[in-house]
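Please consider the sequence and the model shown below together.

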Amino acid sequence: ARQVVVLVSCFTFFIGGVSKLKESGLKWMDGKTMQFHLFRAQVAWLPSFAKFLAQHLWICKLLSLWTITYETTCYAALISVPLRLAVFLQAVMLHIGIAATMKPKFWPQAWCYTLCFDIIPPSAEGAGDHPGDHPGALPETSWGGWVLAMATW
């Protein structure tokens, strides 16, 4: 179940990056698209921060480049478990940044990232009895992520 959540999460980001490149090409990374959306962000949590970012095209360029790079390389979480933490921490940072400056609601998706990790490691005594040790078993710790995701939605 964990691999499915990782796969779907990575697929969502990857398709977002591919869509940006397909529709706008490399021009999407010139910062002007992000600048446009930041200037329109009157409903953001931090509209003054959004305005500050929008007034600095070089920051918008860096953020645009980071976004495309992240979205098109997040599949690294499928290849390497150690990279999974870095990939999903960046995803959470991306969602926080979007919420603070543009305010779409991605919180349910962000909470679902908890399903990608075995939060409570197996004890030495019960090694082999941990839900994550059984292929296809849903880890007990996953329910917290689902409950938080549904409550946030």
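**A nonpolar patch and the aromatic pairs**

Helix α1 contributes the largest share of the nonpolar patch, 5 residues. Helices here are DSSP runs (H or I, at least four residues), strands are DSSP runs of E with at least two residues, and both are numbered from the N terminus. The model is predicted: local features need pLDDT of at least 70, side-chain atom pairs count only at pLDDT 80 or more, and totals for chains, interfaces and linings use all residues. Residues are numbered from 1 along each chain as its sequence is written, and side-chain values use heavy atoms, with hydrogens and water left out.

The patch covers about 740 Å² and is made by L7, F11, F14, I15, V18, Y75, L78 and I79. At least two of its residues come from each of α1 (2-24) and α5 (76-79). Patches consist of residues with over 30% relative accessible area and no salt bridge, like charges being joined within 9 Å and nonpolar side chains (Val, Leu, Ile, Met, Phe, Trp, Tyr) within 5 Å. A salt bridge, in turn, is a side-chain nitrogen of Lys or Arg within 4 Å of a carboxyl oxygen of Asp or Glu. Accessible areas come from the Shrake-Rupley method with a 1.4 Å probe, and for residues only the protein chains shown count as cover.

How many aromatic pairs does the structure hold? There are 3 aromatic pairs. Rings of Phe, Tyr and Trp (its six-membered ring) pair if their centres lie within 6.5 Å; planes under 30 degrees apart count as stacked, over 60 as edge-to-face and the rest as tilted. F13 and Y70 form an edge-to-face pair, with 5.1 Å from centre to centre and 80° between the planes. This pair links distant parts of the chain, since F13 belongs to helix α1 and Y70 to helix α4, 57 residues apart. Are F13 and Y70 buried or exposed? F13 has 6% relative accessibility and therefore counts as buried; Y70, at 4%, likewise counts as buried. Buried means under 20% relative accessible area, exposed over 50%, and partly exposed in between (1.4 Å probe, protein chains only).

A further pair involves two members of the patch, F14 and Y75. Their ring centres are 6.5 Å apart and their planes stand at 80°, so the pair is edge-to-face. Because F14 lies in helix α1 and Y75 in the loop between α4 and α5, the pair ties together parts that are 61 residues apart in sequence. F14 counts as partly exposed because its relative accessibility is 34%, and Y75 is also partly exposed, at 40%.

Ring pairs also join F13, W66 and Y70 into a cluster. Elsewhere, the charged end of K20 sits over the ring of W28, 5.4 Å from its centre; for this, NZ of Lys or CZ of Arg must be within 6 Å of the ring centre and within 35 degrees of the ring normal.

Helix α4 (residues 57-73) also contains L65, which is partly exposed at 42% relative accessibility. L65 and G31 are 34 residues apart in sequence, yet their C-alpha atoms are 8.1 Å apart in space.

Turning to the whole protein, there are 8 helices and 0 strands. Of its 153 residues, 34% count as buried. Among contacts (heavy atoms within 4.5 Å) with a separation of 6 or more, 69% are between residues 24 or more positions apart. The protein exposes about 9300 Å², of which carbon and sulfur atoms supply 70%.
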